[in-house]
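Open the model in your viewer and keep the selection tool ready.

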Amino acid sequence: MSRPTESLALNRHLRWALALLGLSVLARLAWMLFAPNGLNVVDLHVYVDGSASLLTDRLYDFTYSEVTPDFPLPFTYPPFAALVFFPLHYLPFTLVAVGWMLATVAALYGVIRISFELLLGAEKARRTPWITAAVGWTALGVWLEPVRTTIDYGQVNVFLVLGAMLAVRSARWWISGTLVGVIAGIKLTPAITGLYFVARRRWATVLWSAGAFGLTVAVSFLINAHEAKRYFGTLLGDADRIGPVGSVWNQSLRGALSRILGYDVQSGPWWLAAVVVTAVLAFCAWRTLGPDDRLGTLVLVQLFGLMISPISWSHHWVWLIPTALWLLYGPLRAERVARIIAGFWVLTMLVGVPWVLSFAQPTIWTIPRPWPLAWLGAVDVIGVFVLFGWLIWHGRGSLRARLPGRRAAEVPAS
């Protein structure tokens, strides 16, 4: 194929990808604006309506129950998050909802583009074939469960993932540290991103991210000391306030173990043992990665965080999309098992296994359930264990090759 012909083909593919993305966005907009429940976006209501109470002593007394009477939704984020969301309550809610959805799709594209940059390098990722791939994956990603439910609920997850990706992308410690501190100040769980910088030995970033998070806490106390004391003094760590731990929507270790054993394991011995096992497997899996595998390190850190968090709703698992990209386009792309695991993630996200199983649970509060449903409800936990285990098995040879003294031992004497 000649170069002009090849260029025309690439541009045609890009136009098709853009058209597909446009149709996906229009379909989501049509659902939001014309479907009976399209504007429910319950979490966005909590962000917008709850943040309006920022300057009162009732921020953490607020609940939204208009479409969730079985579980009135409280404001569960730190006070700094309410400060970030505060300006939104001055705007018409429909405008906020539409803008939020469009911004979520744009953020998803940013996540995918940066994933390709970390895998291929910035220069190669700017070439037309990879821009086309990023647009195509964004069009698909809109329909994968973590993003689909993030849009349905008006959640903040994709923005937090983008913040972490931008932090990893930057070589400047103060930019990376500020981004990690700010996203942790909005929602505590992204603080796990700091482990990435520990693994990369970027100590200035680690220290500054802790300092930046501390500044968000200080700002919270300056804005509303009463509610900041409530949050950091009594409400922090109260998983029951966040939601029903045993619901199939909770894809964390605690959720999976609770459904399998039939009761909330809380932070008891079963959960502690599972966390230790997960930490060991995650560390051993990370040790098999190449020294320059930045995206691999990041996704392992984030999957570990999703596992050990008391509650990791299915819409928190946006990190599965960079995970699939890493398996398909990263250093393990030639391995059949890597492609199988990536296919597993894409298939389960496209189907929405927790969504399907949610029709079989009597209520969101019911923990015991038949064993097939309990084990199927551990789909993400099992997937992470399979990924960690395969990485350890596959990488044992490369790990031995990197051990000190190994190279010298294998070089024959002259």
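The stops below cover a predicted model.

**Stop 1: a helix pair.** Select residues 269-287, helix α15, and residues 294-308, helix α16. Their axes come within 10 Å and cross at roughly 175 degrees. Angles over 145 degrees count as roughly antiparallel, so that is how α15 and α16 run to each other.

Now show side chains. On α15, pick W271, V275, T278, A279, A282, A285 and W286. They meet T297, L300, F304, M307 and I308 of α16. Colour this contact by residue class: ten are nonpolar, two are polar and none is charged.

**Stop 2: the largest cavity.** How many cavities of 30 Å³ or more are there? The count is two. Start with the largest, which holds about 60 Å³ of space. Select its lining: E145, P146, S314, W317, L320, T348, M349, V353, P354, V379 and D380. Helices α7 (145-153), α18 (336-351), α19 (353-358) and α21 (379-402) each give two or more residues to this lining. By class, the lining has seven nonpolar, two polar and two charged residues.

**Stop 3: the second largest cavity.** This one holds about 30 Å³. Select M32, V41, L44, A97, W100, M101, T104, T150, I151 and G154, which line the space. Two elements give two or more residues here: α4 (93-120) and α7. Which element gives the most to the lining? It is α4, with four residues. Seven lining residues are nonpolar, three are polar and none is charged.

Key:
Residues numbered from 1 in each chain as written. Predicted model: local features only at pLDDT ≥ 70, side-chain atom pairs only at ≥ 80, totals over all residues. Heavy atoms only, no water. Axes fitted to C-alpha atoms, helices over the stretch in contact; angles between N-to-C directions. Parallel < 35°, antiparallel > 145°, perpendicular 65-115°, else oblique. Contact = heavy atoms within 4.5 Å. Nonpolar A, V, L, I, M, F, W, Y, C, P; charged D, E, K, R; others polar. 1 Å grid on protein atoms, 1.4 Å probe; cavity = no way out; pocket = protein on both sides within 12 Å on 5 of 7 lines; lining within 4 Å. Points joined across faces, edges and corners; volume = space filled by probe spheres on them.
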